[in-house]
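Colleague: I would like to learn how to read strands and helices in a model. Please take me through one.

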Amino acid sequence: MPFRIALSGLDAASTDLQVTGHNIANSATNGFKQSRAEFADIYANSLQDVSTTSSGRGVRVSRVAQQFSQGNINFTASNLDLALNGEGFFTLQDAAGNISYTRAGAYTVDRDGYVVNHTNDRLQVFAPIGTSGTSFNTGSTTDLQLPTLSGTPSATTSATVAVNLDASNTATAAATLFDPTVSTTYDNSTSTTVYDSLGTAHTMTMYFRESDTVANQWHVYTTIDGSIVTPTTNSTAAPSSATYPSATVNFDTSGALVTSSGSVSATGLIGYNAFPIAGAAALNLSFDMNDSTQFGSAFAVNNLTQDGYAPGRLSGVDIDSTGVVFARFTNGQSTALGKVALAKFNNPQGLRQLGDTSWAETFTSGNVQMGEAGTSSFGLIQSGGLENSNVDIAEQLVNLITAQRNFQANAQVITTADTITQTIINIR
């Protein structure tokens, strides 16, 4: 019987050595979680046996328990390297639709634009509702795919015009009619770029001329690529003409814009008739003039922005701490592609190891709970970082020595039992 007890001890010590060796071998594996061999004693008792007379029958491996403590995070140069600081797992799906979970966050892009790990399993995200990046469909997950085509252009529809028109300016002579090619026929001008439905850029210029007849009134002439854009409400005062119709803007004695006056609506907007563009949809513009003023200081452009943009190429990907994935384009636009879907379990030690630093759900682990980074205990995501293995090399080397001593001690039991057996055999 001592032989069987010693053999069980050798087997347990061997398993301990294997577990320790596996931990050491994966000390540099990103997202790896170390394991610990746990043992239980064996008693083969009958109904008549009592603990005071039972000697025990050896040892067995009760389980190899995974240790899901947090690993250190190293920073990298790739935005698609993701590290988790919390209890969550990244969710992956392979080509056959099988779901797995991992803490390893080294991701790349395949030929079709999908974000994948080293085994080509696709990273799962919650799909965005719209492109603002503020709401997501958390009821289901989808593959994260980066756009492979250019960003779609958007035509200009509105512009914010915040200028200061010099109240001390001297009005242009009434006899002069406006001409954009003659600088003496207007007081000030400014330009910006607008875009048609195809993303083609056009130069829009605004010319400002103080009224010759009405105090605190200005005429605004607008051209696109040199052609006049007609306001929906034209000025009736000189120097407007059929060739160069203008919008009129009025200010009060404090220099503030007067709405519901001239060409300005009650909301402070100037509307324009559709401007035809060859091969593209006509431009339908409106100017927000609410922040324009007429003070006794030099002409100044305080804000001049418009909402259109040209097509763009993908220039990069940003992932914030809550897992929102934004695609950045060369035209300055960004689009929300999804929010990284995280998973957690009531008993992560019950997960089944699949290899390749990934796990699968089991009955013991409990049902998967899906959620978002920054909520509950899922943790936060660090883009441009990787979680190191949680293996402590010094601790494992001590475990290695202990397992080796246990193995040697059990081997000594076999040697001693053999000596005793040989003594009995030699009795005459």
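**Reading strands and helices**

Modeller: Strand E4 (residues 82-85) pairs with E30 in the antiparallel sense over four bridges. Strands (E, at least two residues) and helices (H or I, at least four) are DSSP runs, numbered from the N terminus, and two strands pair if DSSP finds at least two bridges between them. In this pair, Ala 83 stands opposite Gln 382 in E30.

This is a predicted model: local features need pLDDT of at least 70, side-chain atom pairs count only at pLDDT 80 or more, and totals for chains, interfaces and linings use all residues. Residues are numbered from 1 along each chain as its sequence is written, and side-chain values use heavy atoms, with hydrogens and water left out.

Colleague: Which residues of strand E30 are on the covered face, and which on the uncovered one?

Modeller: In a regular strand the side chains alternate between the two faces of the sheet. In E30 (residues 380-383), Ile 381 and Ser 383 form the covered face, while Leu 380 and Gln 382 form the uncovered one.

Colleague: Which residues of H2 are buried?

Modeller: An α-helix has 3.6 residues a turn, so residues three or four places apart point the same way. Buried means under 20% relative accessible area (1.4 Å probe, protein chains only). In H2 the buried residues are Gln 396, Ala 403, Asn 410 and Ala 417. Their cover includes helix H1 (2-25).

Colleague: How many helices and strands does the protein have?

Modeller: The protein has two helices and 31 strands. Its C-alpha trace spans about 145 × 45 × 35 Å along the principal axes.

Definitions and conventions:
Buried < 20%, exposed > 50% of the residue type's maximum accessible area, 1.4 Å probe, protein only. Contact = heavy atoms within 4.5 Å.
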